[in-house]
Amino acid sequence: MALVSRSLRRVLGLRLRHPVSCWSISRSGCCHGNLRSLAAGLLSLGLKRGDRVGIWGPNSREWVVTQYAAARAGFILVNLNPTYLKNELEYSLKKVGCKALISATGHKGLDYYETLYNLIPELAASHTGNIKSHLLPDLKILIMMGTEKYRGTFNFDNILEAASSAEVKAIYDIQDMIQFDEPVNIQFTSGTTGFPKGATLTHHNMINNAFNVGLRLDYHNRISRICCPVPLYHCIGMVLACLQIPCHGSTVVFPSKVYDAGITLKAMQDERCTSVYGVPTMFIDMLNHKDLKKLDLTSLYTGIMAGSPCPIEIMQRTIDEMNMSEVTVCYGSTETSPVTFQSLRSSSVEKRVSTVGCVSDHVEAKVVDENGAIVPAGVTGELCTRGYTTMLGYWKDEGKTAEVIKPDRWFYTGDLAVMDEEGFCSIVGRLKDMVIRGGENIYPTEIEQLLYHHPKVKDVQVIGVPDERLGEELCAWIQLKAGETLTETELRDFCKQRLARFKSQEDNNVVHEKVVFDASEKLIGQMTIKEAETVAKKDNLKLVDIGTNQDGVRSFRLLSGKELAEESIRFRTEEKNKKPKEKEFRIMCSINDHDLEIKTKQAKEAVGRGDHVKFIIKPRKKTAEDVADRQMAEMAKKIITGMENLGQIKYGIRNSQEVHLLLRPLGNTEENH
């Protein structure tokens, strides 16, 4: 299983299922000729083995044909996120030196050619096939999908007819020369720190990963019809779905260009799919869709849930409500092409809902401490993997590569994990995501798992935000189920009743009996009165009940006799019960930068006066929900950046109609007893 191109010779076909929305790839059909024609056509434009060819657009037949054609000709395909805007597109194309770009016409209201024209104004005067861009000097060829003609570009369908017989023959010669460990694909990481990095994958990485994942899903023993609503620019779609065709003779069904829960569910029924792939959010949407119980999904038996930690409740519902009794969880990363751990179909439900399974065949794994030493089973540490899965490195970035791939080829994932005696692995958080609040290590994943159990919560992400006194606080972004409302008090009570207790005694000897709910109001520390009295008696201290503030937080202080007198005077003079005013600002996503700056300035003045500030962010009118989500998230990010170092985020609650952000002054006494 060495080369994509050689695997393709055996089986591949493409046929349209439903002209509007759903199409599939399988053994039958005539796609092989299109792949050969496109590979030869690109060769006729002057591209050479090793050149980088970018592809920009949502799921489409052209995307799949390009993936295979590039592999046959020895090109390196560069996956570009369909939602990229001008600056992100420029950075990615420049980073890897793309010589050609194959582009859709647009996506979710974004006009691709307009974006490209703004980035490459030289298109107006460039000869087709010889772009001369001052910003992107390597880019020479632009190919547009669809039938419309664009200045300075080739048409995709015309490239299929451009090659001579000699160039078609040359494709066979080239694919016989391609080596298994040559790069075939570059995928950009999310760029959580700094700019995105281009993970460079080989034929060997990708083909073997698809093959071994398919074995655990039993594709080699059963007819497999895979429903793939995930984007092709991501490893799950490109590797785990598309490459099952040459590896296991699977049929892959693509319900639509972009994910839609209703369309995906109907495609699974109509196409009698046996497997479906998705990230947890997709499964959440399908499980909560109004048509779920009306559809016949009895053909399903397995699938993949991957991309982010799987909430236990969601996995259990997937098994019970979608007939996926043999569903598996896959774990990995773009850098590992992508899977290194996967559930076993034969494992108990408990293991499949609480772990990411066992290490993949022919892959090594270990969990290490901060010094790189392997920790005992059951102890948390950083997960490391080694094997055929590991990328070559980040494209032209030796420094970043060396940070994650050590000389002995161990890849350091940055994930915190626990492995049990049987080899089952649980991911408990990210090293970079771990929140250290007042010296206590808190893993956001455990808080997310709890909040998923709330009947009104559809999705949640927990992050750390700066805090003047504690170093970091927790912030939960919560998306509610349709038609639901949720108050801060409800959420606080829910957490207080369910989160496990642990002690937290801080440097200033304050003992809190409370749920700390800052941006997310997550329980960060609790000591019962009885426990506090025991500590006080042991250390000959006085336990002073400071009282309950307006948020229901009851606090105590452990003091010596002298300190007791001093602190009593100080606390009597504090205005503990003074309720700050709340200033409300309504922000439409269509607001211009000047008006946003004025609003932010007014908010800063309010925070400076000690008031709370509430932003209500609403999307543009008549905007699709997924687009609205992105618009509101971008606006929230702008606001948070504008208010940096001036206010703490108390909470952020999002639904499909609006986002609420509540900020309060730093050093607010209600959290500083």
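Predicted model: local features only at pLDDT ≥ 70, side-chain atom pairs only at ≥ 80, totals over all residues.
Tyr331 counts as buried because its relative accessibility is 10%, where buried means under 20% relative accessible area, exposed over 50%, and partly exposed in between (1.4 Å probe, protein chains only). Residues are numbered from 1 along each chain as its sequence is written, and side-chain values use heavy atoms, with hydrogens and water left out.

Let me stay with Tyr331 and turn to the aromatic rings. The structure holds five aromatic pairs; rings of Phe, Tyr and Trp (its six-membered ring) pair if their centres lie within 6.5 Å, and planes under 30 degrees apart count as stacked, over 60 as edge-to-face and the rest as tilted. One of these pairs is formed by Tyr331 and Phe341, with 6.1 Å centre to centre and 65° between the planes, an edge-to-face arrangement. The pair links distant parts of the chain, 10 residues apart, with Tyr331 in strand S16 (residues 328–332) and Phe341 in strand S17 (residues 339–342). Helices (H or I, at least four residues) and strands (E, at least two) are DSSP runs, numbered from the N terminus. Phe341 is buried as well, at a relative accessible area of 0%. Elsewhere, Tyr113, Tyr117 and Tyr150 are linked into a cluster by ring pairs.

Ser337 is buried, at 0% relative accessible area. Arg409 is also a non-glycine residue with a positive phi, of about 70°. The loop that holds Arg409 runs between helix H15 (398–404) and strand S22 (411–419), and Arg409 is partly exposed, at 35% relative accessibility.

Two charged side chains sit over rings; the criterion is that NZ of Lys or CZ of Arg is within 6 Å of the ring centre and within 35 degrees of the ring normal. Arg72 lies over the face of Tyr172, 5.5 Å from the ring centre. Lys366 takes such a place over Trp410, at 4.4 Å from the ring centre.

I now come to the nonpolar cores, each a set of buried Ala, Val, Leu, Ile, Met, Phe, Trp, Tyr and Cys residues joined through side-chain atoms within 4.5 Å. Which residues touch the most other members of the largest core? They are Trp56, Leu80 and Tyr277, out of 93 residues in that core. Helix H3 (residues 61–73) gives this core its largest share, eight residues. At least three residues of the core come from each of domain 1 (25–178) and domain 2 (202–430), with bounds from an automatic or database domain assignment. A second, separate core has 51 residues, among them Met419, Ile427, Leu491 and Phe494.

Tyr277 leads us to strand S14 (residues 275–278). In a regular strand the side chains alternate between the two faces of the sheet. In S14, Ser275 and Tyr277 point one way, Val276 and Gly278 the other, and all are buried. S14 runs parallel to strand S12 (residues 225–227), joined by two bridges; pairing requires that DSSP find at least two bridges between the strands. Ser275 is the bridge partner of Ile226. S14 and strand S15 (residues 302–305) also run parallel, with four bridges between them, and Val276 stands opposite Gly303 of S15. Together with helix H12 (residues 280–287), S14 and S15 make a right-handed β-α-β unit: with the strands pointing away from the viewer, the path from the first strand over the helix to the second runs clockwise.

Finally, there is an open sheet of eight strands with mixed pairing, in the order S9-S8-S5-S3-S4-S10-S11-S21. Its edge strands, S9 (154–155) and S21 (393–394), each pair on one side only. Within the sheet, S10 (residues 183–188) and S11 (residues 198–202) are antiparallel over five bridges, and Pro183 stands opposite Thr202 of S11.
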